[in-house]
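Here are my notes for a colleague meeting this structure for the first time. Please keep the model open while reading.

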Amino acid sequence: MRSEARRQRSAGAGVALDSAGKRTIIMGAGPAGLTAAYELMRYGVPSVTLEKDARYVGGISRTEERDGYRFDIGGHRFFSKNREVEDFWTEILGDEMLTRRRLSRIFYKGRYFDYPLKAGNALRNLGTVETARCVASYAWARLFPTRDPRTFEEWVTNHFGHRLFSIFFKTYTEKVWGISTKELSADWAAQRIKGLDLTTAIKNALSPWKKSGGDHGAAVRTLVDEFRYPRRGPGEMWERVAEKLRAGGNIVALGQEVVSVRHDGSRVTSVIARDAASGQTRDVTGAQFISTLPIRELAHKLEPAMPPWVVAAADDLKYRDFLTVALVVNKREVFPDNWIYIHDPSVRVGRMQNFKAWSPSMTPNQDTTCIGLEYFCFEGDGLWTASDDHLVALATREMVKLGMCKPEDVMWGVVVRQPKAYPVYDGAYRRDLAVIRDHLAAALPNLHLVGRNGMHHYNNQDHSMMTAMLTARNIATGATYDPWKVNTDAEYHEEARLEDEDISGRLVPSRA
Ligand SMILES: Cc1cc2nc3c(=O)[nH]c(=O)nc-3n(C[C@H](O)[C@H](O)[C@H](O)COP(=O)(O)OP(=O)(O)OC[C@H]3O[C@@H](n4cnc5c(N)ncnc54)[C@H](O)[C@@H]3O)c2cc1C
């Protein structure tokens, strides 16, 4: 992908001759939308990016700010096996990109377990008696496995024993997905944990790089141990891209919600954007249209409406939502990790981010620490609809319960909600997606879907960006890249990423 694009650009072969006639309207100023606009600018194609947020660009990868404290929605590591993406980040931010060492652990019943797990540390933390119980429970599971395991719980218990399942898999998985592990499908566990069982895990833990070997092993190790991060959080990347776009004569307009997408039956002709401040709407015309909007929302914006079976397929797509309660604590250090997984069943928080450990510039006063307590939820459920005061009080209680601070250490807190953080891969999503995709490709060829929710793909920033780069090249040069293949063609070492995996999961389970 990279060399082909370079060749085209340097030869000027694909540069759009009637670039003005290709004016592209981009819906959403997250990583995908802004990358598309930036790539189009490289080819001389003008763009208008419409973003509904009135203050921030960056989408899920934005950096929110209150009183000089900066919050990252989830903790965004910048790492990619794709050199072109890495080069893009370097080109935009240069020295502002820090290289950070990773430290992340699991907190369970007052103890910190290294994550990725290390045998010696795990054994020390569990203690002799608990280790003996885990081994006995594993032996039992090997002797008397559940035949044809159907659920996540059965599958993991077969491979690790019930005790280890309870400690390292059950609580966190249930917090993230809001579904009992008795209901999650075994397929997901099998796919997620691959062929691993306790014996292999111990062997790997004792010689973690043996499996990878040589240079490849070193590369994997680097990915596991280090990542890049903009000094002022992930949003800095996207704020800078927006600045460059504006300097290049393009429009990036905030507070502009796309409320409808108009078409004549064969092409999209314009979008209607509503201004957040005045409430007024305006018609924005263009030749090409890129959407990074969640597909379920896009489906209801098309005018005239799509056929009912296509809308029904879009309505069937599901999402998991997410909120962070950021607490400013009057302590120099709460814990040294970048983030901690909270497996402890006595609290609802699923993960904690220590923003200062990602970059000291995220915190204006180094005598204080800002911790983001992450709660996984569904839009509209009790957590989502709870008042900010209630959530700050809950987060404070939970920090105290986990022994991380005293109530009087918490100076203040804010809540940041992120709807549709995770597109859910359930049993029906592939079929639904195919229905929508096939319909739009045939009916409206100048409407392009890119990004994470834009394609209902569980993409990190790099994959979201790659779908945008390819689409922009298709528009600018008439190339025929297939952005839907990014996940399979991206030359990713998914094995490597799995070891390094944020266990909130890039993979998403379905019900048994
Ligand atoms: C908890 C969590 C942790 C993550 N960690 C990492 C990580 O470590 N590394 C990494 O690389 N990636 C990570 N990601 C993934 C990353 O956040 C996404 O891949 C990326 O933000 C997707 O970019 P996007 O532009 O496709 O979508 P989004 O970021 O969702 O942006 C879409 C934009 O469209 C706007 N929009 C929506 N509706 C409208 C409308 N009607 N009109 C106008 N604008 C609209 C939104 O406001 C938003 O700005 C993480 C994600 C989550 C949820």
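1. Start with Pro304. The peptide bond between Glu303 and Pro304 is cis. Its omega is about -5 degrees. Most peptide bonds are trans. The model is predicted, so please read this bond, like the other points here, as part of a predicted model.

2. Now the overall picture. The protein contains 20 helices and 20 strands. It has 512 residues, and 57% of them are buried. Take the contacts between residues at least 6 apart in sequence: 74% of these join residues at least 24 apart.

3. Two residues deserve a look for their backbone angles. Most residues other than glycine have a negative phi. Asp67 is not a glycine, yet its phi is positive, about 50 degrees. Asp67 belongs to the loop between strand S3 (63–66) and strand S4 (69–72). Is Asp67 buried or exposed? Asp67 is exposed, because its relative accessible area is 65%, and the cut-off for exposed is over 50%.

4. Lys109 is the other one. Its phi is positive too, near 45 degrees, and Lys109 is a residue other than glycine. The loop that holds Lys109 runs between strand S6 (104–108) and strand S7 (111–114). Lys109 has 58% relative accessibility, so it counts as exposed.

5. Next, helix H3 and its packing. Two packed helices are described by the angle between their axes and the distance between the axes. Helix H3 (residues 83–93) packs with helix H18 (residues 461–477). The angle is about 95 degrees, and the axes are 10 Å apart. H3 and H18 are therefore roughly perpendicular, because angles of 65 to 115 degrees count that way. On the H3 side, the contact uses Glu84, Val85, Phe88 and Trp89. On the H18 side, it uses Gln461, Asp462, Met465, Met466, Met469 and Arg473. By class, the residues of this contact are 6 nonpolar, 1 polar and 3 charged.

6. Stay with H3 and check its ends. At the start, a side-chain oxygen of Asn82 comes to within 3.0 Å of the backbone nitrogen of Glu84. Just after the helix comes Gly94, with a positive phi of about 50 degrees. Which residues of H3 are buried? They are Glu84, Val85, Glu86, Phe88, Trp89, Ile92 and Leu93.

7. Helices H4 and H5 form another crossing. Their axes come within 7 Å and cross at roughly 110 degrees. H4 contributes Tyr138, Ala141 and Arg142 to the contact. H5 contributes Thr157, Asn158, His159 and Phe160. The classes in this contact are 3 nonpolar, 3 polar and 1 charged.

8. Look at the loop joining those two helices. Arg150 lies there, between helix H4 (119–143) and helix H5 (152–160). Arg150 is exposed, because its relative accessible area is 56%, and exposed means over 50%. Arg150 and Leu184 are 34 residues apart in sequence. In space, their C-alpha atoms are 8.5 Å apart.

9. Turn to the ligand. For Ile60, a backbone N or O atom is 2.8 Å from a ligand oxygen. For Asn459, a backbone N or O atom is 2.7 Å from a ligand oxygen. Arg452 has a polar backbone atom 2.9 Å from an oxygen atom of the ligand.

10. Last, Gln256. Gln256 lies in strand S10 (residues 256–263). Gln256 is buried, because its relative accessible area is 4%, and buried means under 20%. Leaving aside residues up to four places away in sequence, Gln256 touches Leu50, Glu51, Lys52, Ala273, Arg274, Asp275 and Arg282.

Technical notes: Residues numbered from 1 in each chain as written. Predicted model: local features only at pLDDT ≥ 70, side-chain atom pairs only at ≥ 80, totals over all residues. Heavy atoms only, no water. Helix = DSSP H or I, 4+ residues; strand = E, 2+ residues; numbered from the N terminus. Buried < 20%, exposed > 50% of the residue type's maximum accessible area, 1.4 Å probe, protein only. Axes fitted to C-alpha atoms, helices over the stretch in contact; angles between N-to-C directions. Parallel < 35°, antiparallel > 145°, perpendicular 65-115°, else oblique. Contact = heavy atoms within 4.5 Å. Nonpolar A, V, L, I, M, F, W, Y, C, P; charged D, E, K, R; others polar. Polar contact = N/O pair within 3.5 Å; in protein donor to acceptor, adjacent residues only side chain to side chain.
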